[in-house]
Every structure is written in structure tokens, then in C-alpha cells.
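Subject: Structure for your review

Dear colleague,

I am handing over the structure we spoke about, and below it you will find an account of what was found. Please read the two side by side.

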Amino acid sequence: MSAPAQSQQSTSRERILDRIRAATQPSTAAASSYATLPRNYIHKGALNADARVNLLIERLREYDAEVIEATPEGLPAAIAAQLAASGKRSFVAPAGLPADWMAPGFDWKIDRGLTTAEIEQADGVVTAAFCAVADSGTIVLHHSLAEGRRVLTLLPDWHLCILRASQVVERLPEYFDRCLQPPALVTWVSGPSATADIEMTRIKGVHGPRFLHVIVVHDQDAPATNSN
Amino acid sequence: MSQAAGHHAILDPTLAPPFPQAALNVLRNPQLRKNVTHAIDVIQGKRARLVAEKTDWQELRSTASAIRTHALENLGFYLEQFEARCTAAGGHVHWAADADEARRIILDLLRQENASEVIKIKTMTSAEIQLNTFLEAQGISAFETDLAEIILQLGDEEPSHIVVPALHINRSQVREIFARRMGLKNLSDDPQALTAAARRYLRQKFLTIPTAISGANFLIAETGSVAVVESEGNGRMCLTLPRTMITLAGIEKVLPRFEDLEVMLQMLARSATGERMNPYTSLWTGVTPGDGPQNFHVVLLDNGRSSILSSPKQRQTLKCIRCAACMNACPVYRQTGGHAYGSVYPGPIGAILTPQLMHMQHAQSLPYASSLCGACYEVCPVKINIPEVLLELRAQVTDQERKQAVRFFDPMYLGLRIANLLFARAWIFHAAQRLGRIGARVVTRKDGWIHSLPSVGGKWTQTRDLRGLPSQTFHEWWAARGKEAK
């Protein structure tokens with residue numbers, strides 16, 4: 001930006017902030033008044049672990065996601081069965097995806113800097129997730145090494161997401177409790193991409209993956225509060 | 001895309017006709033009314049069911065309202081915090097005092113990128129500053145990517161709702177637009193086929209156009225992050241694939257903390273589309289190496305907002321999170337649709353936001369585009385008391401009008417001044433009653449009703465009948481009764 005434009009910028013910044021300050025209270029006590037805001041909504045759900053997982057599955061299915069359940073020992077076989085049933089051949093995997101999740105017999109490309117074109121050409125993607133919220137049927141991705149870059153779960157038309165039961169919370173505030181620090185990147189995914197822009201008719205699949213598959217792994221022995 | 005240019009006149013508050021006049025277009029178009037009513041009935045039904053299942057809805061509303069009020073009361077603090085954190089994370093923050101400055105900042109950024117094309121996520125704020133028209137005139141094609149926005153852009157239509165902007169257009173109209181503009185002769189009017197056509201139309205654009213523009217649903221002060229709420233994945237495409245991302249956000253969009261989203265995200269989709277959660281919500285913080293655009297700009301837009309802050313009663317207008325529940329609930333919007341409001345912000349929120357953004361210079365008929373039934377307040381997830389603001393604005397319109405010399409001869413103001421005189425003294429009032437009874441005889445029909453009044457009164461009797469004056473007032477009857485008793 002040219003020099004005059006920059007000085008214009010600093011004037012606008014000051015002008016806007018001056019107008020705001022003239023119209024509002026001085027903000028020295030923002031932090032202490034924030035602490036007193038009422039928060040009487042429900043923070044923690046009341047369901048037990050099984051009911052919580054069942055609620056998640058029900059809500060995901062309402063969004064037209066395919067959900068199956070597996071035991072920790074049966075997971076690799078469950079993944080292989082899902083991949084085979086998809087009829088698809090080529091898959092991309094985040095760099096940190098556990099090796100035994102990449103079923104043999106398919107073309108796997110591991111994302112160590114794949115190009116957009118390479119990701120676009122893949123039929124599907126398999127990832128982990130950070131957490132899932134049963135109440136709204138939401139899968140939360142923080143885009144860690146096992147969850148992949150954002151583009152990885154966007155371009156392929158078919159997404160298989162592996163969730164452990166211990167990662168499932170009942171209500172949204174419980175997810176925020178699990179974030180010890182605010183994450184830099186988050187994608188909240190609630191079902192396959194969809195639109196209702198034409199006569200409010202819900203159509204599955206616009207630009208994001210049109211097919212969302214979820215495997216819930218019953219690692220019930222792990223305490224529900226232990227996320228990762 | 002030349003057709004997209006230059007057509008926002010009907011939604012430009014400085015040019016749009018007054019609400020009652022603009023509303024006639026829709027009231028006389030049965031197809032349009034049918035489309036609008038159908039869409040609203042569907043959303044309203046879904047919303048009601050999903051809000052009812054949320055047993056802590058009122059508590060969520062209270063917190064959402066308190067968070068938004070707090071953010072506005074401390075807006076300067078939180079904007080500076082947002083700027084500092086976003087900058088530290090590799091973003092660039094720009095400040096635009098008005099629409100003109102915002103457009104120039106964005107144009108400068110696009111010129112630096114040598115961009116001749118740009119992809120866009122639906123943003124009402126860019127419609128507010130008429131960005132597409134401006135860019136088109138500068139030789140830059142802006143491609144909308146939200147399905148409804150594509151329909152509007154290709155069909156050369158105007159948005160009539162802030163969440164489902166093409167709700168006034170039905171499937172066969174969409175088919176006609178797509179067939180014509182995409183060259184698809186055999187396209188069916190099945191929404192599935194129409195959606196697939198839009199997917200194909202945009203795919204190459206997503207993969208090749210390196211610059212994108214978005215709005216923001218929320219800015220997080222604590223972290224410098226931006227959140228965008230969407231359904232289709234077009235937002236994720238724009239936020240992930242391009243090299244450069246420009247986010248245009250009103251200064252009021254700020255939330256203090258990341259965890260405030262736990263309230264907002266529970267309410268927004270339920271209020272907006274009647275879903276438990278929208279398919280995709282994205283949050284990003286400045287620039288992340290190896291993931292998404294590496295050149296990120298936020299343009300903070302004032303454009304009249306800071307002037308709304310100074311009145312605590314009117315300030316609540318800025319709490320809005322753009323869910324559109326108020327327009328879906330509004331009996332007036334239901335009849336007139338969105339275009340009558342002469343602004344990209346229609347419905348009850350538009351009726352209070354537009355005149356204030358225009359510094360009360362334009363859109364003065366909007367505060368009257370309401371029956372004050374209060375349905376909008378009841379459904380508002382952040383508890384904006386829209387009827388209260390409407391009344392406040394009506395008072396301001398009246399105050400302004402009173403100052404104009406021409407109003408001295410306006411029949412209504414003349415009438416009110418005379419009324420003021422009559423009511424001030426009992427004897428004048430009683431004399432006027434007696435005179436009125438004589439005058440009323442002229443207009444009272446045989447059935448004892450007044451069906452039409454002369455002059456300004458005629459407007460009132462257009463839709464109502466008035467009972468003729470009785471031969472005796474209560475006062476007169478009481479006084480006479482007292483004498484008889486003696």
C-alpha cells in the first residue's frame with residue numbers, strides 16, 4: 001500500500017476507535033465485567049457413556065452420515081470393510097494416521113505435502129478427529145497430524161472419520177472444556193455438505209464431501225473425561 | 001459476469017422507494033408471495049421443533065445477549081485486542097471508516113495480487129458496500145460461490161433474505177437461470193440436479209482462482225481468530241485453497257473469547273435454518289504454515305456502526321448475529337418479502353439497522369414497517385428488543401419531520417396541532433364536541449357508521465369503518481342524570 005494510503009489507514013483506525021470510545025464506557029474493566037456475565041445454561045450432559053454414543057449415532061444418521069461401531073481390536077478390519085464397500089480405490093491419509101488404519105489393497109497417498117491436484121484426484125480420505133458432540137451430531141477437527149490439513153477433508157468426495165467413544169461429549173460446552181488452549185484451526189463438521197437454498201429442500205452434497213462415514217470405536221474402559 | 005453489475009439500486013437505501021410503495025410489487029405478485037411463504041413456513045416449523053428440544057434455550061439467550069452487550073460496551077478494547085492477536089498470528093488488519101474506504105482497501109489488495117477474478121463466500125457486509133458492482137467496474141470479476149448467491153448473480157436478481165437470499169425464487173425459475181447462463185439445455189428442475197450443476201460450475205474456479213473474499217460470523221478478540229458458519233463447503237473451499245484471503249467484517253462482530261462460541265453456535269443454526277448445527281463451521285487464526293492462504297487480511301468496517309453505539313437503547317441493534325429468525329417470524333416480512341425493505345438487510349432487523357446505518361437520512365419509512373407485535377423480539381437469540389428500537393426511531397423520524405418548514409402545512413401535523421389546542425382546555429373541548437356532532441352528520445350514513453372521511457382521515461377509513469358520534473357524550477349524560485336525581 002502506498003504511503004498516503006497508509007496514513008489514511010492510521011487516521012481511519014484512530015477515527016473509528018475515537019468514535020467508539022466516545023460512545024462507550026472506558027474499557028479498563030472489561031476482564032472483570034466479563035467474569036460476571038450470567039452463564040446458567042447447561043454445561044454438562046446427564047447421559048451415561050452408552051447413551052451418549054447412541055445419541056451421537058442417531059444425530060449423525062439424521063444428517064445422512066453412515067455410522068458403524070467397532071471394537072478396538074476390530075477397527076482395522078472395520079476400516080477395510082468400509083473402504084471395500086465404498087467401491088473406491090485411491091485414498092489420501094494425513095501424515096499422522098496410524099499405519100494399521102491404512103488397509104492393504106488400496107492406493108494410499110500419505111500427505112507429506114501433496115499438491116491440491118493430487119488430493120482432488122483421490123476418491124476418499126480417512127482421518128481421526130479431536131472430539132464429537134452428541135447433542136448436535138458434530139465432529140470437531142483440530143487438524144492435528146492424524147486429522148490432516150483442512151484441504152484433505154474437503155476435496156475428496158468421501159470421508160471416513162474414526163472416533164473413539166471416549167472422544168464423544170454430550171453437549172457443546174463440554175468440547176470447549178476439553179480445549180485446554182484455544183486451537184488455531186477448527187472445523188466443526190455436522191454431516192455431509194448440504195444446502196437448502198432451493199425451496200428449503202435439503203440436498204446432501206454440494207462442495208464438501210458428499211459422503212461422510214463414521215466408525216465409533218468402543219474404548220469404554222478409558223474414562224470419558226480423558227480425551228487424548 | 002457483466003450482468004451482475006449495477007443492479008443493486010432497489011436495495012440501495014439512498015435510492016429505494018418508501019416501504020409502502022416498494023411492498024406493492026410483491027403484494028401484486030402471487031408467485032413471489034407463494035415462494036416466500038413456503039420457504040418461511042419450512043424454516044419456522046423446523047426452528048420451532050429444535051428450539052423446543054433445547055431445554056436451556058432461555059438461559060442460552062440470556063448469556064448470548066449478555067456476551068454481545070458486553071462486547072459492544074467494551075468494543076474499542078476488544079477490537080484492539082483482536083487486531084493485536086490477529087497481527088501476531090500473521091494476519092493484516094485494516095480499518096475502513098466507510099463503504100468507500102473498504103472498497104478501496106480491497107481493490108488495493110486485489111491489485112497487489114494482480115487479481116482479475118476473485119471467489120467469494122456469501123457476505124452480507126460486502127453486499128452492504130456494493131462490492132461486486134464496484135469490482136466489476138474496476139475490471140475484476142467476483143464469483144459468488146454460495147448456491148443462493150449463484151442463483152442471484154446468474155439470474156441478475158437481488159437478495160431478499162439474509163440467510164437464504166434466494167428464497168423468493170422457486171426451482172423452475174432456478175432451472176431457467178442455470179440453463180440459460182450455464183448453457184445446460186436439458187437441465188431438470190430437481191433441486192438435486194440443480195445443486196450438482198452448481199457444483200460442476202464452481203469446481204474449476206475453486207481450484208484455480210487464487211484470491212478469495214469472505215465475511216465473518218464472529219471475530220474472537222482473545223485469539224485473533226475468525227469464524228465462518230456455512231452449509232455447502234463453498235466457504236471451506238474459499239478459506240482453504242486460495243493464496244490470499246480477504247475477510248470483510250463489521251466492527252460489531254467481535255466476541256471476547258473462544259469459549260463464547262459454545263453459546264453462539266448452539267443458537268445460530270437453530271435460529272437460522274432450523275438445524276441442530278450447520279454442516280460446516282470454520283475457525284482460523286491468522287496464517288497457518290502449510291495450511292490455507294498464506295496471505296490473510298481482515299478489513300474492519302465501521303460504515304455507520306460506531307454512531308449507533310452512542311445510544312444504549314439503539315446500541316442493541318449491533319448485538320445481531322444475522323440469523324434471520326426475526327424476518328422468518330415477522331407477519332409483515334411474510335407478506336412483503338425482502339425487497340420491499342430497500343436494503344440488503346430486510347425484515348425487522350433491517351427496519352432498525354438500515355435507517356441507523358444511513359444516519360437517519362434515508363429509509364425513514366422502515367421504522368413503520370412493523371405492527372409492533374413483538375414476534376421478532378421473542379425469537380431473537382440475542383434478545384434484541386426490536387419493537388423498542390422501532391419506537392425510538394419513529395420518535396426520531398417525527399422529531400426530524402417537525403423541524404421541516406413544509407410540515408407546517410401538512411394536514412396531519414396541522415390536525416395534531418389543532419388537537420393539541422382542543423385537548424388543552426375543557427371548554428374548548430366540549431365546544432368542539434358539539435361542533436363535531438354537527439359536522440359528523442354530514443359523513444355519517446343511515447346505518448350509523450362513517451364509511452369514509454375527507455382529507456387525511458380518508459387514509460384511515462380506507463380499511464376501517466368508524467361508528468358515528470352518539471347524540472350525547474358521557475359527560476352530558478352524567479350531568480343530566482345528576483339534575484334528574486335532584
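Two strands are taken as paired if DSSP finds at least two bridges between them. In that sense strand 1 of chain A pairs with strand 12 (residues 211-217) of chain A, the two running parallel over five bridges, and within this pairing Ala70(A) stands opposite Val217(A) of strand 12. Please bear in mind throughout that this is a predicted model.

The sheet of chain A

Elsewhere in chain A, strand 5 (residues 131-133) and strand 6 run antiparallel and are joined by three bridges, with Val133(A) standing opposite Thr138(A) of strand 6. These two strands of chain A form a hairpin with four residues between them, and in the turn Gly137(A) has a positive phi of about 60°. In a regular strand the side chains alternate between the two faces of the sheet. In strand 6 (residues 138-141) of chain A, Thr138(A) and Val140(A) point one way while Ile139(A) and Leu141(A) point the other way, and all are buried.

Strand 6 of chain A is also joined to strand 9 of chain A, again by three bridges and in antiparallel fashion, and here Leu141(A) stands opposite Thr187(A) of strand 9. What does strand 9 of chain A pair with in chain B? The partner is strand 9 (residues 280-285) of chain B, in the antiparallel sense and over four bridges, and the bridge partner of Thr187(A) in that strand is Ser282(B).

The contact between the chains

Taken as a whole, the contact between the chains involves 61 residues of chain A and 75 residues of chain B. On the side of chain A that touches chain B, at least two residues each are supplied by helix 1 (3-23), helix 2 (30-35), helix 5 (116-121), helix 6 (172-178), strand 9 (186-189) and strand 10 (194-195) of chain A. The largest share of that side, eleven residues, comes from helix 1 of chain A. By class, the residues of the side of chain A that touches chain B divide into 30 nonpolar, 20 polar and eleven charged.

Chain B

Chain B is divided into domain 1 (2-307) and domain 2 (411-485), and the centres of these two domains, taken over C-alpha atoms, are separated by 54 Å. In chain B, the axes of helix 8 (residues 147-155) and helix 9 (residues 171-182) come within 9 Å and cross at roughly 65°, in a left-handed crossing. Ile151(B), Leu154(B) and Gly155(B) of helix 8 of chain B make the contact with Val174(B), Ile177(B), Phe178(B) and Arg181(B) of helix 9 of chain B. That contact has five nonpolar, one polar and one charged residues.

With kind regards

Notes. Residues are numbered from 1 along each chain as its sequence is written. Chains are lettered from A and ligands numbered from 1 in the order in which they are written. This is a predicted model: local features need pLDDT of at least 70, side-chain atom pairs count only at pLDDT 80 or more; totals for chains, interfaces and linings use all residues. Two residues are in contact if their C-beta atoms, placed from the backbone, lie within 7 Å. Ala, Val, Leu, Ile, Met, Phe, Trp, Tyr, Cys and Pro count as nonpolar, Asp, Glu, Lys and Arg as charged, and the others, Gly among them, as polar. A residue is buried if 20 or more other C-beta atoms lie within 10 Å of its own, exposed if 12 or fewer, and partly exposed in between; C-beta atoms are placed from the backbone. Domain bounds come from an automatic or database domain assignment. Axes are lines fitted to C-alpha atoms, for helices over the stretch in contact, and angles run from 0 to 180 degrees between N-to-C directions. A crossing is left-handed if the near helix is turned anticlockwise from the far one by less than a right angle, and right-handed if clockwise.
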